[in-house]
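The following paragraphs lead through a single protein model, moving from one structural element to the next.

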Amino acid sequence: MSVSVLSPSRLLGDVSGILQAASLLILLLLLIKAVQLYLHRQWLLKALQQFPCPPSHWLFGHIQELQQDQELQRIQKWVETFPSACPHWLWGGKVRVQLYDPDYMKVILGRSALSCLSDPKSHGSYRFLAPWIGYGLLLLNGQTWFQHRRMLTPAFHYDILKPYVGLMADSVRVMLDKWEELLGQDSPLEVFQHVSLMTLDTIMKCAFSHQGSIQVDRPSDPTEEGSTTEGGGAGEDQEEEAFGFSGYPPLGQSIMVLLSIYGLHHNPKVWPNPEVFDPFRFAPGSAQHSHAFLPFSGGSRNCIGKQFAMNELKVATALTLLRFELLPDPTRIPIPIARLVLKSKNGIHLRLRRLPNPCEDKDQL
C-alpha cells in the first residue's frame, strides 16, 4: 500500500496557481464594473446633454464646489449661469439634477395625488429625520401617506383654524412683553430664539391645548441666545440638502431630481433683481407664474400647515409693528446658511424702538 506525499514545492505551486486565478477573476470583475460605470456615465451625459453645467471631474464630480456654508452661494451662482436647471455631479456616475424653473416645477408638482403613490420622495434626503419626527406626513409614502393626508386635511380647514388666532395673539404678546423688559439694556436683541420659543408656545396651545406658557416656564437665557451668533445652533450639522429641496426618485434611470425652492426664489429669470426687497411684486394684478413662488411647496404634497403658518405670521407681524419700530443692526448683518431650515449663521439681531403711545393691541385681534 503506497502513500503519496505532496512535496513543499508542489504545494506552493498549487497555492500560487489558485492565487493567480483569483487575481485574474478579481481583475476581470473590476474591468466589467469599470465598463459598466463608463457606459452608465456616457448614458447620463447623453440624457443630460440639454442641461449644461460647470466643468466636473470624471470621478469626483463637482466636489470642488462643495465648500462648507457655501451651499446657497453656489446655488445662486449656478442659477445666474444656468437659469432653468443644472446637473450636479456627485462622483463618477452619480448625478442629481437641480431644477429652479417654474415650468419644470409645475410639471413635477402638478401630478395628482394618485401618481405620487407610485412616485415617492427620495429616502436618502429625508431618512435622517426619522429618529426625530418619526414617520409622519413628511416621510410617509404610498397609500399610507395618502390615507394620513386625507384624514388630517379637515383639521387645517379655515373654520377650524380661525379660533386659534386668539391663542396665537396671546403667545405673541408674551414675547413682546419680554422684549420690552430687555429694551433697557440698550443693545441689539437676538430675536431668533424668542420667535422660535413663541412658535413652540403657539403649537403647544393650539395642537395640544397646553394651558401654561412655554415662554414663561422656560424664559430665554441670553447665553443660549448667543449660541446662534457663534453658528452653533441646533441642527447645523444636519444634511444640507434637506433645506429648500423636494427630492424625487429617478427620472429615467438613476437620475435624482431636486426641486430647489431657494434657487427658484433667487432666479433672476423669474424674479428680476431677486435680492431687492420689493413688496409690489405681489401687488394685486401683478403678473406671476403660478409656480414662481412656492414657500410651502406645491401640488398634492404641499405643506399641510401653510394656512396655520400664514395666520401666525400675520398675527405676529401685526402685533409687533403696533408696539415697536424694528431697525437692523448694521454691525451684524445676517448670514444665511442652508440647514434643516434657512437660518442665519450669526443670529438675527434687531434694534427695537418702543413706539410712543402705541395702539392698544388687545382689542385688535
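Predicted model: local features only at pLDDT ≥ 70, side-chain atom pairs only at ≥ 80, totals over all residues.

A polar contact is a pair of N or O atoms within 3.5 Å; within protein, one of the two must be able to donate a hydrogen and the other to accept it. Aspartate 101 caps the N-terminal end of α3, with a side-chain oxygen lying 2.9 Å from the backbone nitrogen of aspartate 103.

Helix α3 itself spans residues 102-109, and its buried residues are Pro102, Met105, Ile108 and Leu109. These residues cover an arc of only 130° around the axis, which puts them on the same side of α3.

Strand β2 (residues 94-99) may be considered next. It is mostly covered, since five of its six residues are buried. Strand β1 (residues 85-91) pairs with β2 in the antiparallel sense over six bridges, and tryptophan 91 stands opposite lysine 94 in β2. The hairpin of β1 and β2 has two residues between the strands, and glycine 92 takes a positive phi near 50° in this hairpin. β2 also pairs with strand β5 (residues 256-260), here in the parallel sense and over four bridges. Within that pairing, leucine 258 in β5 is the bridge partner of glutamine 98.

Strand β1 also contains histidine 88. This residue is buried, with a relative accessible area of 0%. Histidine 88 and proline 54 are 34 residues apart along the chain, and their C-alpha atoms are separated by 8.7 Å. Elsewhere, arginine 41 lies over the face of tryptophan 89, at 4.5 Å from the ring centre.

The cysteines raise a separate matter: how many disulfides does the structure hold? It holds zero. In general terms, a disulfide is a covalent bond between the sulfur atoms of two cysteines. The cut-off used here requires the two sulfur atoms to be within 2.5 Å. For cysteine 53 the closest cysteine sulfur is that of cysteine 86, and the distance of 5.3 Å is too far for a bond. The accessibility of cysteine 53 is 25% in relative terms, and the residue therefore counts as partly exposed. Cysteine 206, by contrast, is buried, with a relative accessible area of 8%.

A second sheet is formed by three strands. It is open, its order is β3-β9-β6, and the pairing is antiparallel. Its edge strands are β3 (189-190) and β6 (324-328), each of which pairs on one side only. Five bridges join β6 to the antiparallel strand β9 (residues 349-354), and proline 328 stands opposite leucine 350 in β9. A contact between a charge and a ring is also present: the charged end of arginine 354 sits over the ring of phenylalanine 324, 6.0 Å from its centre.

The aromatic residues form a further theme, as the structure holds seven aromatic pairs. One of them joins tryptophan 271 and phenylalanine 293, whose ring centres are 6.4 Å apart and whose planes lie at 85°, so the pair is edge-to-face. Both residues lie in the loop between α12 (261-265) and α13 (306-323), and the pair therefore ties together parts that are 22 residues apart in sequence. Tryptophan 271 is buried, with a relative accessible area of 7%, whereas phenylalanine 293 is partly exposed, at 38%. Trp271 and Phe293 form one aromatic cluster together with Phe282.

Serine 297 is found in the loop between α12 and α13. This serine has a positive phi of about 60° although it is not a glycine, and it is partly exposed, with a relative accessible area of 22%. Serine 209 lies in the loop between α9 (192-208) and α10 (214-217). Its phi is likewise positive, at about 55°, although serine 209 is not a glycine. At 51% relative accessibility, serine 209 counts as exposed.

Conventions
Residues numbered from 1 in each chain as written. Heavy atoms only, no water. Buried < 20%, exposed > 50% of the residue type's maximum accessible area, 1.4 Å probe, protein only. Arc of directions from axis to C-beta. Phe/Tyr/Trp six-rings, centres within 6.5 Å; stacked < 30°, edge-to-face > 60°. Lys NZ or Arg CZ within 6 Å of the ring centre and 35° of its normal. Pairing = 2+ DSSP bridges.
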